[in-house]
Amino acid sequence: MPMMTYADPTQYETYEWFTKDKDGRWVSGDPFKQGEAKCAGAGKVPDQTVIPKEVAEQFLSQDGTYWQAWREVDKAEAVTGINVFRITQQFTLPTATIAMRVPFNYTYLQLLHEKIRNAKFPGVTLELIGTSGEGRPLNIIRLDPLDKEWFETCPTVIVYAREHATEHDSSWAVMGMLRRFLLADPTQRKVRWLLVPILMPDKAISSSFELGDYFRAVKPVMPEIISYATYFVNLINKGKRLDIVINIHNIECNEGANIECPMVNRIYKEVVYNQNDMLFKEANNYGYSAGSPSGWDHGIMGLRLSGWCFVKFRTLDLYYEVNSRYPRCKMTLSQSQQLGAVIALSTNTFTTSAHYRVLRDEMTKWLSQRQSHREEWWKQIGHSENQRTEFDLLTMGY
Ligand SMILES: [Zn+2]
């Protein structure tokens, strides 16, 4: 079932959602709104500016306690045998947008970055790490622990979406994590989070799906890949950690449940099963449908950012598919974000577990060996990281 809106899809507020509290007042889900600004009246629908009043009720949930500017189209059917997908819709206004799921577009990302810059939340930094091939900024949203000791010793988790640039639900999961972190007490933060809602902005703009095996020294290497690889290699070279990388994708319709694991790192198999088991049970508790904790496939995805981090830094790489349009359990925008928060919380819990401590010790040993191999490499090759080639960076990870 595709979604539709009469709101302007390039406006930040088009993606704001509201829930009714126990006193019947509408409350905005926007993490950048504080105090009274969150309140949106006590009417049948919330006070908002993106959908004209006369049609706003069309966007109300059945039980009347949730509102977002996106609803399903009136009717959609697949005509079997002739490959026709038919949408029937009675339009009330002359302009509407139809999408297969609530989009998370590049314009929205820019508006989100602007909000982050202006809000100046403690420990939240928008890092600029490079420029895409078409000249767009590449950003990482970094959330640091405020406590001095945790700042130095905490685990680092990177979460990214849109390696497959057309898979919008994945970005909403990352946004949901960010929302959760911004609403939580920052003094309790014990993990450094690096969030990338759209990994490949140029591909997202042109809606082009590519395999994503970008992390190899075969010309032409995209400037995006040099920027990301340089950022992570420099981080490790400075003695920092990169403990976990979560790579989020988006399946559609009946391809799978609300959350699935498409790939299990076969070296870390047991750890991944355990982690998935905990996460999927938690997802079930929140009302989501979840696939099998043992995933679809086993292997090493060494040419994707996630698997490359495993191969080069021994980072635990986790893979999830999210699906807001699963027919048996469709998700609102709020639920798409909440699912991201559930992934973040279970990752947080994992970093306090015995499994993680064992893994962390292994990683530490592995990284110290890497350090000596790296020094030998520069001696052997006759130059240092100042003249780093694509081979040094991507194939060696130095
Ligand atoms: Zn994908």
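**A zinc site and a helix pair**

Visitor: Which protein donors hold the zinc ion, and how far from it do they lie?

Guide: This is a predicted model, in which local features need pLDDT of at least 70, side-chain atom pairs count only at pLDDT 80 or more, and totals for chains, interfaces and linings use all residues. Residues are numbered from 1 along each chain as its sequence is written, and side-chain values use heavy atoms, with hydrogens and water left out. Donors are N, O and S atoms within 2.8 Å of the metal (3.2 Å for Na, K and Ca), and water is not among the atoms, so sites may look incomplete. The protein donors of the zinc ion are H164 (ND1), E167 (OE), E167 (OE) and H249 (ND1), at 2.0 to 2.3 Å.

Visitor: How many residues apart in sequence are the parts that H164 and H249 tie together?

Guide: Along the chain, the donors of the zinc ion follow the spacing H-x2-E-x81-H. H164 lies in the loop between β11 (156–161) and α4 (168–183), whereas H249 lies in strand β13 (residues 244–250), so the pair ties together parts whose separation in sequence is 85 residues. Helices (H or I, at least four residues) and strands (E, at least two) are DSSP runs, numbered from the N terminus.

Visitor: Are H164 and H249 buried or exposed?

Guide: Buried means under 20% relative accessible area, exposed over 50%, and partly exposed in between, with a 1.4 Å probe and protein chains only. By that rule, both H164 and H249 are buried.

Visitor: Which residues of α2 and α4 make the contact?

Guide: Contact means heavy atoms within 4.5 Å. The residues are Y108, L112 and I116 of α2, together with W172, M175 and L178 of α4.
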